[in-house]
Amino acid sequence: MNKPLAATELKALEAQFPVTEPKLTRRQKLNRLAMLVERWTGHIPLYHRLEYASDIQLAAQTAHSSTALGLAAQDDVFQKDGLKGGSLLDVRNYLELTTEELHEFSCDCGGAINRENMAARIRTLAGN
């Protein structure tokens with residue numbers, strides 16, 4: 001027969017097995033980033049030669065506030081979900097992207113790109 005747990009027993013279980021909120025999936029993160037990019041009212045600068053940056057270089061560079069990666073770094077939802085820090089490496093790892101995938105929407109080697117096209121590229125990476 002089952003009996004209800006006492007308050008102390010319940011607290012002990014909660015301490016041993018803390019309840020955490022579910023994390024966003026890669027797809028959810030990228031779709032949110034695409035939405036942030038689309039809603040941004042200013043120009044979104046691009047990085048130069050991003051695809052050649054090492055992890056050490058990405059860790060040393062802070063995501064500029066008006067770039068797509070900077071928008072991600074400043075997003076409250078992403079921060080609550082676990083994004084810690086504002087370096088390019090922090091954002092790349094949180095979004096579960098490779099440097100080559102960052103390059104697809106954040107690099108200037110293909111010339112200028114508008115917000116709508118950038119968001120579309122991000123959604124393609126999300127699998128939409």
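Trainee: Why is H7 called roughly antiparallel to H8?
Mentor: In this predicted model, the axes of H7 and H8 come within 8 Å and cross at roughly 155 degrees. Axes are lines fitted to C-alpha atoms, for helices over the stretch in contact, with angles from 0 to 180 degrees between N-to-C directions. Angles over 145 degrees count as roughly antiparallel, so H7 is roughly antiparallel to H8.

Trainee: Which residues make that contact?
Mentor: Glu101, Glu104 and Phe105 of H7 and Met118, Arg121, Ile122 and Leu125 of H8, where contact means heavy atoms within 4.5 Å. They divide into four nonpolar, no polar and three charged.

Trainee: What makes the buried residues of H7 line one face of the helix?
Mentor: Thr99, Glu101, Leu102, Phe105 and Ser106 are buried in H7, residues 99-106. Buried means under 20% relative accessible area (1.4 Å probe, protein chains only). Seen down the axis, these residues fall within an arc of 155 degrees, so they line one face; the arc is that of the directions from the helix axis to the C-beta atoms. They pack against H2, H3, H4, H6 and H8.

Trainee: Why is Arg92 called buried?
Mentor: The relative accessible area of Arg92 is 9%, and the cut-off for buried is under 20%, so Arg92 is buried. Arg92 lies in H6 and touches, among others, Thr99 and Leu102.

Trainee: What limits apply?
Mentor: Local features need pLDDT of at least 70, side-chain atom pairs count only at pLDDT 80 or more, and totals for chains, interfaces and linings use all residues. Residues are numbered from 1 along each chain as its sequence is written, and side-chain values use heavy atoms, leaving out hydrogens and water.

Conventions: Buried < 20%, exposed > 50% of the residue type's maximum accessible area, 1.4 Å probe, protein only. Helix = DSSP H or I, 4+ residues; strand = E, 2+ residues; numbered from the N terminus. Parallel < 35°, antiparallel > 145°, perpendicular 65-115°, else oblique. Nonpolar A, V, L, I, M, F, W, Y, C, P; charged D, E, K, R; others polar. Lists of a residue's contacts leave out its neighbours within four places in sequence.
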